[in-house]
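Visitor: Please take a close look at one residue and its surroundings. Then set that spot in the context of its chain.

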Amino acid sequence: MTDLTRLPAATLAGLLASGDVSSVEATRAHLDRIDAVDADVHAFLHVAGDKALATAEAIDARRAAGDALGPLAGVPVAIKDVLATADMPSTSGSKILEGYLPPYDATVVARLRAAGLVPLGKTNMDEFAMGSSTEHSAYGPTRNPWDLERIPGGSGGGSAAAVSAFEAPLALGSDTGGSIRQPAAVTGSVGVKPTYGGVSRYGAISLASSLDQVGPVSRTVLDAGLLHDVIGGHDPFDSTSLTDTWPSMADAARAGLVDGALRGVRVGVIKEISGDGYQAGVKQRFDESLAMLESAGAEIVEVSAPSFEYAVAAYYLILPAEASSNLARFDSVRFGLRVDPADGPVTVERVMAATRDAGFGPEVKRRIILGTYALSAGYYDAYYGSAQKVRTLIQRDFSAAFEKVDVLVSPSAPTTAFKFGEKLADPMAMYLNDVTTIPANLAGVPGMGLPIGLAPEDGLPVGLQLMAPARADARLYTIGAALERLLEEKWGHSLLSQAPDLSASEMFASEEGAV
Amino acid sequence: MSEITAQQVAHLANLARIDLSQEEIESLTSELGQIVEAVAKVQEVAGPDVPATSHPLPLTNVFREDEVRPSLTVEQALAAAPDRLDDKFKVAPILDEE
Amino acid sequence: MAQAELMDFDKALELFEPVLGFEVHVELNTKTKMFCGCANEFGSGANTNTCPTCLGLPGGLPQVNKKAIESSIRLGLALDCQIAETSTFARKNYFYPDTAKNFQTSQYDEPIAFEGSVTIELENGREVVVAIERAHMEEDAGKLTHVGGATGRIQGADYSLVDYNRGGVPLVEIVTKMIEGAEADAPQIGSMYVRTIRDIVKGLGVSNARMEEGNVRCDANVSLRPRGSGKLGTRTETKNVNSLRSVERAVRYEIQRQAAILAAGGEIIQETRHWHEDTGTTSAGRPKSDADDYRYFPEPDLVPVAPSREWVEELRGTLPEAPAARRKRLTADWGFTVLEFQDVANADLLDEVEATVAAGATPAAARKWWTGEIARLANAQGVSASTLVSATHVAQLAQLVDAGTLTDRLARQVLEGVVAGEGSPQDVVDLRGLAVVSDDGALIAAIDDALAAQPDLLAKIRDGKVQAAGAVIGAVMKAMKGQADAARVRELVLERAGSSD
């Protein structure tokens, strides 16, 4: 009997469509897998259990009745806890929202349900999506399936771990500065941040409104495309969502599987984030991927983006500023935690302050205070105002680069998965994990992270980031799928098939040089 | 640029309605000092002739027709209320009038 | 609370020059809220008109109400403002339980309208041009009720309750530039300015414009500049001014209060003050402090509004006649004195009088009925005059009086019938048989009856005793159930008395 959890979503969807497998079977297989490994991985904060099976049953019934169903109908999906789900708690990884049940579904969740996918549960994340390691979750960290002593990336470590541990074939994530792409890199999975405005943010608990995007997390590029097709598109509830009619990302991925798909494609390597100073194995796999692209007919062009040097600084002003305002609503009045002050008069002001002190973790407090500072009277121009100008310069750098190339590439992260605790002492050190992914959020352009191998020195996954001009998301899928095909042909298998067998309670890193 | 002082952090915490402990104020002061020093570099390139970008993609005139949409029911609105009285949210006495 | 010292108003004006500024908030009467599709409805059950957006739930996002933009532009045009080519929303960040997101989505750097002016005419005939700094869009907060303290005030309350129905309702805030040269007219300028704004928004149809329902709210800024000094005084901002009369009283009070302090060598604290209707005083609220750092920044969840010049001109074409122009036109047409016109305008009955004149009544009659009997009935019933009777019916009533079919007194009875829903004035006359008896024969008969009943009256009348005549007239009117022209009866009585028995 095929292990259903090992199948890409596209394959599973095909079996469901042909009736070879029922959604109940597929869902049960994943729930069993979660039972087997999630005590170790801790990708999930909430597992839908019986609810998921009931949903699966309903899909099976509809299929049996001959209803027309979408391509992913019956496929299980994990949902990052940053998204509002009316039937499952939505905590955004924070104590201040422990047990909170929203009275509505996020638009993307509604679209998932309408397309017949089966929500498996909510995945773990850094609190309010602030972080690069999921160590800042108020509910304990998620562990990297490749090495349980290491971080799975962040803020969407839960979703990335869920797919790379085969607990779910698909997941939804959110990306503000790399929270989908960086976890993809360190877990050997695929993740996409769409063009800003390409996917609705309604119901996604906001971090930085001008940077956040919801996107697909998966094990293959085609799977990501299929999920992207379900969730993407204009939403009148989100005033920043684009009215474009998008082409099918799944089709774009399939187009990448055609011979010659890479011929003549101009691939830009951004000098400032091309791997100098990064972990050796990361740089090595990155350079090998470039060589592979070139052999397939792509033209590698070096481009410069001098403003990228200021990207992290600008980001860590814009994000905290917007977040400090977005998180003001967590005040004990309408929902969430309420804590009375330990002593002294019980006024609403003091209840708010006591609640927020008790309910927010240290990273959240850090960024709220920093953001309040950046916006405050007398400091606005120097900080927030200046950061918004850097944003303009970064957009200009992207525009200039895209005049010369079709797509930009960089490593998705400077290192492979680091160990727990390694970067907690110094916030700036943690922030630098996002140095390659942040520019895309600032400019609003789409980015994809996909696995390109294991670093020889530690046998841990390395990811490559592709970036395209705004609205050219499809290009990412075509080029990403083409590269993925080349790599898997070279390896003879997928990267994740090499991940340690978690249920065997024995962990080992892949042999050096195996991939 | 200017250093962040503990006094400033305490003031910011008040603006942000977070009741920080003394230890928290102290550790935040030194952390933020480092961060602010690092991010202040944005001023190096933020010249007066560079326009600010507040929205990544330029959209304008996104409107909604003035037609009523279904609201939440009262129960839905109040379902997560930490404290309520009948159909209203209940809060502790307010010190400061706005 | 100790009563503040007040300087005599005239003395204050001798020593100081009042400088004013007003912020008026107008609640728009759109069907839905500013940033979501919840109904904009007064008086619904608590928290029945909320959604994730206006309730500030995690994940909620705003969507701009097109009608609110349209109304704001029209209001800006009516204020003679320039309409922005690009207008943006901004977040005003502060924590308060009635503000669901703990920030208000408002406008800061790029308001929808700016640089305008409004001309107001005071009762004393003086025209004042009030320069408008800007008009911008924002959302209203929810409603707080304080329970347990004295008189429902915040101080000493046991707890507060929040209803977010009003949260998110569209507001336009109109900010004047500094008003100098007001002199002793300062209080009237305040009330007349607010009244003019109210008339404008009512005429535009963008607001229900009822101050008693909070549709138009005023914050009054007052400062005093010592005569001969170039330096502006410190200003106070008085909130909670809920009626035109309150605006006038509050401005006057602040001038007197501040003058007393300054003359005694004291300093004015820059603060928000509250107007107390019952005591006719202002009291100190919070002093302005660092905690008022609102940390404005461009609203990232909304994109700019860029009204095309074509759209603006199209909206300009929908503007009604400006109140000042209308006033001039009607005063000239109707031939009223300034006071007579003001009577009608103050009672908010310009529309009704205009319609009644159009329906055929004379201006004088229209004015008399609307500001007299109809207004009286309206007050007694606690409703607005226009809901009681139509302009057509009033015109018909006036015509019946003109034609002699009704006396004034009878007409009032007919009016009551019309108001009660018995039909048109003619219907009521017929139904109730209220027409004046114009047959002299019947009157003479009644007169004779009355004289027969009180024979000594005749002698008294002949003697010149006026009251005796009155007694006869009274008796006749009673016998005729009022359906007689008292003046004609009097004529007949005197004729009778004059003729030899």
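Guide: Start with C:G233, which is found in the loop between β11 (216–226) and β12 (236–241) of chain C. Helices (H or I, at least four residues) and strands (E, at least two) are DSSP runs, numbered from the N terminus. This is a predicted model: local features need pLDDT of at least 70, side-chain atom pairs count only at pLDDT 80 or more, and totals for chains, interfaces and linings use all residues. Residues are numbered from 1 along each chain as its sequence is written, while chains are lettered from A and ligands numbered from 1 in the order in which they are written.

C:G233 is partly exposed, with 19 other C-beta atoms within 10 Å. The cut-offs: a residue is buried if 20 or more other C-beta atoms lie within 10 Å of its own, exposed if 12 or fewer, and partly exposed in between, with C-beta atoms placed from the backbone.

Now its contacts. Two residues are in contact if their C-beta atoms, placed from the backbone, lie within 7 Å. Not counting residues up to four places away in sequence, C:G233 touches C:V19, C:S223, C:L224, C:R225 and C:I268. C:E17 sits 216 residues from C:G233 along the chain, yet their C-alpha atoms are separated by 9.4 Å.

Step back to the chain. Chain C has 16 helices and 15 strands. The radius of gyration of chain C is 29 Å, well over the 23 Å that the globule rule gives for 501 residues, so chain C is more spread out than a compact globule. That radius is taken over C-alpha atoms; the globule rule is 2.2 Å times the number of residues to the power 0.38. Along the principal axes, the C-alpha atoms of chain C fill a box of roughly 95 × 55 × 50 Å. Buried residues make up 46% of the 501 residues in chain C. Among contacts in this chain between residues at least 6 apart in sequence, 68% join residues at least 24 apart.

Last, the cores. A nonpolar core is a set of buried Ala, Val, Leu, Ile, Met, Phe, Trp, Tyr and Cys residues joined through C-beta atoms within 7 Å. The largest has 284 residues; A:V75, A:V77, A:A314, A:L317, A:I318 and A:I369 have the most contacts inside it. Helix α10 (residues 311–326) of chain A gives the largest share of this core, eleven residues. A second, separate core of 50 residues includes C:W370, C:V394, C:A411 and C:I461.
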